[in-house]
Each structure stands twice: as structure tokens, then as C-alpha cells.
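Work through these exercises with the structure open beside you. Try each task before you read its solution.

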2 protein chains.
Amino acid sequence: MKLMTQKKSFENQQKEQQRCIQATMLRIKHKIAVISGKGGVGKSTVTVNLAAAFVTHGLHGKVGILDADITGPCVPKILGLKGERLQGGPAGIELALSPYGIKATSMAFLLPSDESPVIWRGPLKMKAIQQFLSDILWGDLEFLFIDLPPGTGDEPLSIMQLLPEMDGVVIITIPSEVSQEVVKKAVSFSRKLNVPIIGIVENMSGFVCPECGAEYDIFGSGGGQKIAEDLGVPFLGKIPIDPQVCEDSDRGTPFVLEHQDLKSTKAFMEIVEKIEGFLKNETRNKIDDSSNNDRSLHTTEEEK
Amino acid sequence: MKLMTQKKSFENQQKEQQRCIQATMLRIKHKIAVISGKGGVGKSTVTVNLAAAFVTHGLHGKVGILDADITGPCVPKILGLKGERLQGGPAGIELALSPYGIKATSMAFLLPSDESPVIWRGPLKMKAIQQFLSDILWGDLEFLFIDLPPGTGDEPLSIMQLLPEMDGVVIITIPSEVSQEVVKKAVSFSRKLNVPIIGIVENMSGFVCPECGAEYDIFGSGGGQKIAEDLGVPFLGKIPIDPQVCEDSDRGTPFVLEHQDLKSTKAFMEIVEKIEGFLKNETRNKIDDSSNNDRSLHTTEEEK
């Protein structure tokens, strides 16, 4: 009997948390997850720079990042928020605000030191992500970018299940064939979970020697484009390798803001335009489908 | 009552599997895990080339790789075993054998296609790793290299718990500060789990323009060495970036065997020598500690 009561109370708690997540997420207009098959393809750098690019559209303080990589959180360092701690207030936990006006939360803000590993199995990671979504004062945001750890395991699955109303995913790959193999899985993953695919970005694509101008495809070239064509997914663009990009990330400054003349920045801004295009289209489709939307709202009401 | 019987039967099954893993692993002389904090640092390429380097010491068919990356398995492609399937025989499941004489198993050998994602939470991944260790005919091997997915989550934890007699871990990083941050966690993780750290390898360290000889630190330089010094961990060496390395990995041929004149190959072979040195020292220490070893054997007997 006691077990039954405990189970009931746990279920209620879960429902309450899900309601809380829904209420919080309703105040965020667009939610975009950045995913990859393999790690180390520059996912966190792309996420931070996407947020930075959108902030410049008059959205200071209206763009947020959820660093959903629980065991290897990198976003704070790239955002220039290393050493930051989350501050709790009477209403809840406040987000950290980067020098460029991007709000963020990350496991890194909760760890006693850089060295502290988070040796957690899946269920604990799921719980942490739930709390990031429910217990943090996200407020009214225009954009939320979610930086997911590589692969198709616990964290990506949790996020997709907790945020069914996601606008879509941006998939990052490097041009190597090995990375292409794994990115196919990320595409299938998104399709299986019915999340729209905004498109594929090919990062670290070719290196131009600043000394002699010779071009080298360190990790190959064109792999992202090929995979996008093969799988019938939009291709968003290629970002060339530039040591400046890595240097900016290490220093905690978004390269799209700091070095606007870079070939990498120009390529990046074209990708941003394509994402904006996707969002505009999506809004148009939503208005067209408004009758359907109404229906789904009624269903939700009835289910209650 | 029925629940109790089920629990008992499950526990017996678990114990039987653990015994099975122990018996199988007793026939493998050295077990080395390759880990990293961040992904995409070349962990799988290093693993395959370590195995290839050791195979040339007269160990054809005596070196194995366990690809423990369940959601993003890359080892088969790099080993030249793409499209291979595991074959079951009366005695159990046979390992795949690469053209260079390396035995391997991977989740990729079990998937219907390259695109198939493995959308599994932690417990299922743990189960898969257990079965790789218990149900596969590893036979008598001199070396087993375990390629672990990045981070400090389910798979690394499972492997460390299932193989407490591991020789040690080789930790891979790229020189970027962001990667250094995360590699610290890998070091703390190994220490917390009492696994010896063989050392840190700095991969993708500097790029020499083949045209003009100018050197560029695409991801920075010296980061791996610095972190090794800071944390008091042996530094094994730096592997420079070379497009040939990526090309060889994409083609499924170990660069250490295919391109012996590369600067990267020479750097790699120095790392191999240091690992051999570690293993020799370890053997010496084991002989010195033989009385302790006897004791631990007795304890195990008594516990039974």
C-alpha cells in the first residue's frame, strides 16, 4: 500500500514537472537543437556562434543556450562564462548572462572545479536535463539553442521527448567519411523522433594556408553536402577551418562577432540566413495550419 | 514470491555473466582503454593505429579491439571492416578479422545499415557491452584495446567496472583549451575509479603546410603537454595533423603501416614505445608484488 502511495506521489511529481516545463517553454518562441553523430565536430562552437549571430538582431538577453552535454560541458568556456556559478533567487535559479548578451545554463556552472568529472549513468543525466528545463528562470526568450552531446543516447533522447514542440535540429558534421557515416545516424534519429531537420552544416571544411594560399582538405571536403543530397536533407553550408575560430572559442569570444572579415564568418552568416528562412517558412506554415492547431489545442484540453 | 524468484534468477544470470567475462578476460594479457574528454579528438584513429603498431610485433591475430561506442561506432570503417557482420558458430560469436590481422567487434557489425541509429538509454548500452565481453570468442590475445565513447557516462563507467584488472587508460586530447578543460575530467574519472593512467596523447597538434612548410597551430599547440604537467600525468607525445591520416582512416588502412615516413607516424611510434615501457614496468611491478597477488587470489577463492 505504501509502495502504491509512493508511486502515485512520484507520478504526480513527474506530471507537475512536465507541466512546469511546458509552461516555461511556452514563453520561448523558437527552440533549435544542435546535434551531431560524432563528437569534436565543433557543435558547441557552432551553437554559441548561432546564438551570437541572432543576438545582434536586437535580441540582447533574448537568446538562450542550454548546454545539455552533462559529462563534457564546453559552452561556458566558449561563451566567456568560465568560472560562472548559477545564482538562486526567491523565484528560482537565474541564468548566467554572457558579455555578448547570451543567457546560458550548463552543468559546468554547478561543478566544484573544472576537473570534476560527472560520473553519471543515463537516468541521472535525464533528471538534470529535466531540472534545467523546469527549475531555471528562462523568462521570455526569442531563441533557445540546445547543445546536445554527440550520439543518439540518453541526452538527445531526453531533450526530444521533453520538448516535442522543437522547431528543428541543425546537424553538424566534418567532411571526413568516418564522420559522414555517423551523421547518417543523427538524420535517422531525428526522423524516427519526428523532429524537423533544418539542415546539415559541414564544419572544418578545407584549410587555406595563410602564408601561400594553398588549400588543403585536412578532413576531406564536400562530405556534408554529399550526405545531405544522399539523404534528401537541406544543406546549410560549409565552414572552412581557421585557427582564428579555435583561438576565439578558447578565449570565450564568438568569432562571428569578433572577426567579421573571416571567410569562416561569411560562410557562417550564410548558414544563419538559411536558418532564418526555415523559421519564416515554418511560421507561414503554422498560420496556414491554424485550424489544425486549434484542433490539437482542443484535444489537449479534453485530455486534461 | 514470484517476484523474489525472478529477482534471484536475474541475479544468478548476472553472476554467471560476470564469471564468463572473468574467464574470457583471463586469456587476454593486456587490456588498455582509450578515452577522451571531448569527442572528435581522433580516439578511434589512435586506437586502430595502436593495435596496428602492436600487430607488427609478430602478433597477427593476437590483438583485438572492442569498439565500445554503442551509438557512434567508427572502428570498423577505420579498420577496413565496413559492412562486416559478426558470424555465430556453435561455440559462440566469432570476431571479425581485419586485413592487417586485427580482431574486432563493434555495434556496427550488428546494425542493418549505416544509417540505423541506436537510440538506447544507458542500461541497454551497458547490457550490450557486457555481451561483447562475455558472448564473443576472444580467444587468447596479447592485447585488447577498448575504444570508449567520449565523456564519463555509461559506457566508460561500465567498462571500468566490468574490467577491474585493466592495465590502464590512454587519454587523447587535441591542443585546444576547450578540449583541455574536458580532458581534466577524464583524468579525475580514471583516478576516482582507480584505473592507472598510462598517459596523455596530444593529437591534431599543429599543421605543416606541405606547399610552403609554414606551420599553423589550427587547434593551438602544447595543450596536452601542459595539462599532463599540471595534473602530474605522463605525457606520451604529440601527433601532428596530416591530411594523409584522415585519408587513410577513411580508406580503412592504418596510417602507421601505410605511410611509415609521415611525421605523424614517427611521432606515433614514439608513443607506442612509451606504452611498451609502461607495460614492461608494470610486469616488473607485478612480479615484485607476487606475494600480494597470491593473497588476492586466495581472497577471491574464499569469497566463492
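**Exercise 1: Strand pairing in chain B**

Strand E2 (residues 63-67) of chain B and strand E6 (residues 102-106) of chain B run parallel, joined by five bridges. Keep in mind that this is a predicted model.

Task: Find which residue stands opposite Asp67(B) in E6(B), then give the strand order of the open sheet in chain B.

Solution. 
- Step 1. Start at Asp67(B). Opposite this residue, in E6(B), stands Ser106(B).
- Step 2. Now widen the view. The open sheet of chain B has eight strands, in the order E5-E6-E2-E7-E1-E8-E9-E12. The pairing is mixed.
- Step 3. Look at the edges. Strand E5 (96-97) and strand E12 (235-238) of chain B each have a single partner strand, so one side of each is left without a neighbour in the sheet.

**Exercise 2: Around strand E9(B)**

Task: Say how many residues of E9(B) are buried.

Solution. 
- Step 1. Check the cover. Six of the six residues of E9(B) are buried, and the strand is mostly covered.
- Step 2. Take one partner. E8(B) and E9(B) run parallel and share five bridges. Val169(B) has Ile197(B) in E9(B) as its bridge partner.
- Step 3. Place the helix. H6(B) lies across strand E1 (28-36), strand E8 (168-173) and strand E9 (197-202) of chain B. The helix runs at about 170° to E8(B).
- Step 4. Take the other partner. E9(B) pairs with E12(B) in the parallel sense, over three bridges. Here Ile200(B) has Phe235(B) as its bridge partner.

**Exercise 3: Where the chains meet**

Task: Find which helix gives the most residues to the side of chain B that touches chain A.

Solution. 
- Step 1. Count both sides. The contact takes 52 residues from chain B and 52 residues from chain A.
- Step 2. List the elements of chain B that give two or more residues. They are helix H3 (75-79), helix H4 (122-134), helix H5 (154-162), helix H6 (177-192) and helix H8 (243-251).
- Step 3. H6(B) gives the most, with nine residues.
- Step 4. Sort the residues on this side of chain B. There are 23 nonpolar, 14 polar and 15 charged.

**Exercise 4: Phe109(A)**

Task: Is Phe109(A) buried or exposed? Which residues does it touch, beyond its neighbours within four places in sequence?

Solution. 
- Step 1. Locate Phe109(A). It lies in the loop between E6 and helix H4 (122-134) of chain A.
- Step 2. Apply the cut-off. A residue is buried if 20 or more other C-beta atoms lie within 10 Å of its own. Phe109(A) has 21 C-beta neighbours inside 10 Å, so it counts as buried.
- Step 3. List the contacts. Phe109(A) is in contact with Pro76(A), Glu84(A), Arg85(A), Leu86(A) and Ala96(A).
- Step 4. Compare sequence and space. Phe109(A) and Pro76(A) are 33 residues apart in sequence, and their C-alpha atoms are 7.9 Å apart.

**Exercise 5: The core**

Task: Which residues have the most contacts inside the largest nonpolar core?

Solution. 
- Step 1. In soluble globular proteins, nonpolar side chains tend to be buried together.
- Step 2. Read the core. The largest one has 146 residues. Those with the most contacts inside it are Val34, Ala51 and Ile171 of chain A, and Val34, Ala51 and Ile171 of chain B.

Definitions and conventions: Residues are numbered from 1 along each chain as its sequence is written. Chains are lettered from A and ligands numbered from 1 in the order in which they are written. This is a predicted model: local features need pLDDT of at least 70, side-chain atom pairs count only at pLDDT 80 or more; totals for chains, interfaces and linings use all residues. A nonpolar core is a set of buried Ala, Val, Leu, Ile, Met, Phe, Trp, Tyr and Cys residues joined through C-beta atoms within 7 Å. A residue is buried if 20 or more other C-beta atoms lie within 10 Å of its own, exposed if 12 or fewer, and partly exposed in between; C-beta atoms are placed from the backbone. Two residues are in contact if their C-beta atoms, placed from the backbone, lie within 7 Å. Helices (H or I, at least four residues) and strands (E, at least two) are DSSP runs, numbered from the N terminus. Ala, Val, Leu, Ile, Met, Phe, Trp, Tyr, Cys and Pro count as nonpolar, Asp, Glu, Lys and Arg as charged, and the others, Gly among them, as polar. Two strands pair if DSSP finds at least two bridges between them. Axes are lines fitted to C-alpha atoms, for helices over the stretch in contact, and angles run from 0 to 180 degrees between N-to-C directions.
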